[in-house]
Amino acid sequence: MRSVKLYQYQLPMDSGVILRDQRLVTRQGLIVELKQGERVGLGEIAPLPEFSHETFEQAQAQAEQLLALWQQEQALDLETAFPSVAFGISCALAELDGELPQAANYAVAPLCSGDPDDLIVRLNQTNGDKVAKIKVGMYEAVRDGIVANMFIEAIPDIQLRLDANRKWTPIKAQQFAKYVKPEHRQGIAFLEEPCTTPEDSLNFAEQTGINIAWDETVREPRFEVKAQPGVVAIIIKPTLIGSLTHCIELVKQAHAAGLTAVISSSLESSFGLNQLARLAQWQTPNVIPGLDTMQLFKAQLITPWPETELPMTSLTELEVVWQK
Ligand SMILES: O=C(O)CCC(=O)C1=CC=C[C@@H](O)[C@@H]1C(=O)O
Ligand SMILES: [Mg+2]
């Protein structure tokens with residue numbers, strides 16, 4: 001006997017969370033609950049505004065169709081589903097079958113969204129790999145270059161991950177590079193998507209010796225994982241990519257091409273973030289995932305995130321929006 005429920009959540013966000021052009025006041029998503037006999041599996045479906053192509057309503061409608069099929073013991077095709085739906089349902093199925101190992105990688109790359117001095121204090125308290133992520137491309141490229149240079153000077157063994165989200169023209173990207181001393185450039189583990197086009201980003205890597213990573217490019221229709229000069233990593237955001245199987249396949253392809261695969265968040269709740277930390281430990285055990293996004297929330301859901309004091313909402317407190 002199978003049964004299924006969809007719960008809806010709404011979590012308040014920190015006031016400063018801006019996604020591309022929009023302020024994100026509340027994070028909205030669905031929790032899928034699959035039951036088969038005594039076994040239960042949960043997953044999260046949370047399309048990210050401005051990043052996902054599907055809306056919340058479209059994701060919910062498709063999830064209902066697919067889950068009705070599952071309930072009737074029919075085959076599901078998750079590979080053609082919306083990425084957020086495919087990821088959430090595939091996680092719930094994996095949980096039901098005990099396929100997602102419990103061990104989690106909670107080492108995060110601290111995200112600098114405010115005062116750089118706070119991040120320096122945090123990193124100096126870190127044992128082991130000193131990895132940090134800084135958003136660039138929001139202010140003057142020159143300022144970004146000075147900040148990056150300052151971090152590398154302050155913490156010589158740092159491995160910075162920078163993310164420009166395709167905001168720079170080739171000239172702006174060069175302005176940034178000019179302020180990072182050549183001997184400091186190896187302190188940048190990678191710079192995600194420096195330029196508007198992948199071609200310009202590849203040229204930037206070649207001209208500056210600064211390694212780059214693909215994030216947005218991974219989600220383009222004709223993307224293929226391959227070794228390219230200056231490219232060292234691909235960022236995998238499962239909610240924007242698709243099923244667990246698809247994500248694991250990308251990780252394998254990245255490793256085969258000699259690239260690092262970084263599992264990263266799309267601002268899932270603490271519940272989804274925990275599943276991502278488990279996926280990261282399972283598939284990319286030696287890589288620090290990009291999951292430092294709990295700090296952007298004002299509340300947690302179902303599963304706590306380590307060292308987080310925020311109020312917790314349990315599954316039973318959520319509204320059931322659909323069931324079969
Ligand atoms: O990658 C990380 O370390 C954290 C996640 C992160 O930076 C992002 C998640 C989702 C949308 C964006 O705001 C941003 C990104 O552009 O990568
Ligand atoms: Mg990015």
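**View 1. The stretch 116-211 and its make-up.** Over residues 116-211, this chain is 45% helix and 16% strand, with the end C-alpha atoms 22 Å apart. Helices (H or I, at least four residues) and strands (E, at least two) are DSSP runs, numbered from the N terminus. The UniProt record, an unreviewed entry, lists residues 116-211 as "domain: Mandelate racemase/muconate lactonizing enzyme C-terminal". UniProt positions follow the numbering used here, feature names are shortened, and annotations may be inferred rather than shown by experiment. Please keep in mind that this is a predicted model: local features need pLDDT of at least 70, side-chain atom pairs count only at pLDDT 80 or more, and totals for chains, interfaces and linings use all residues. Residues are numbered from 1 along each chain as its sequence is written, chains are lettered from A and ligands numbered from 1 in the order in which they are written, and side-chain values use heavy atoms, leaving out hydrogens and water.

View 2. Ligand 1 has 14 residues around it (a heavy atom within 4 Å), and Lys 133, Lys 135, Asn 165, Lys 237 and Ser 264 come nearest. Here are some polar contacts (pairs of N or O atoms within 3.5 Å). An N or O atom in the side chain of Ser 264 is 2.8 Å from an oxygen atom of ligand 1. For Asp 163, the side-chain N or O atom is 3.1 Å from a ligand 1 oxygen, and for Asp 215 a polar side-chain atom lies 3.3 Å from one. On its own, ligand 1 has 390 Å² of accessible area, of which the protein covers 93% (Shrake-Rupley method, 1.4 Å probe).

View 3. UniProt, in an unreviewed entry, places the feature "active site" at Lys 135 and Lys 237. Lys 135 lies in strand 7 (residues 131-135). With a relative accessible area of 31%, Lys 135 is partly exposed (buried means under 20%, exposed over 50%, partly exposed in between; 1.4 Å probe, protein chains only).

**View 4. Tyr 106 with Trp 305.** Two aromatic pairs are counted in the model (ring centres of Phe, Tyr or Trp, its six-membered ring, within 6.5 Å; planes under 30 degrees apart are stacked, over 60 edge-to-face, the rest tilted). The Tyr 106 and Trp 305 rings have centres 5.1 Å apart and planes at 85 degrees, so they pair edge-to-face. Tyr 106 sits in the loop between helix 2 (83-96) and strand 6 (111-112), and Trp 305 in the loop between strand 13 (300-301) and strand 14 (312-313), so the pair ties together parts 199 residues apart in sequence. Tyr 106 is partly exposed at 37% relative accessible area, whereas Trp 305 is buried at 7%.

Methods
Polar contact = N/O pair within 3.5 Å; in protein donor to acceptor, adjacent residues only side chain to side chain.
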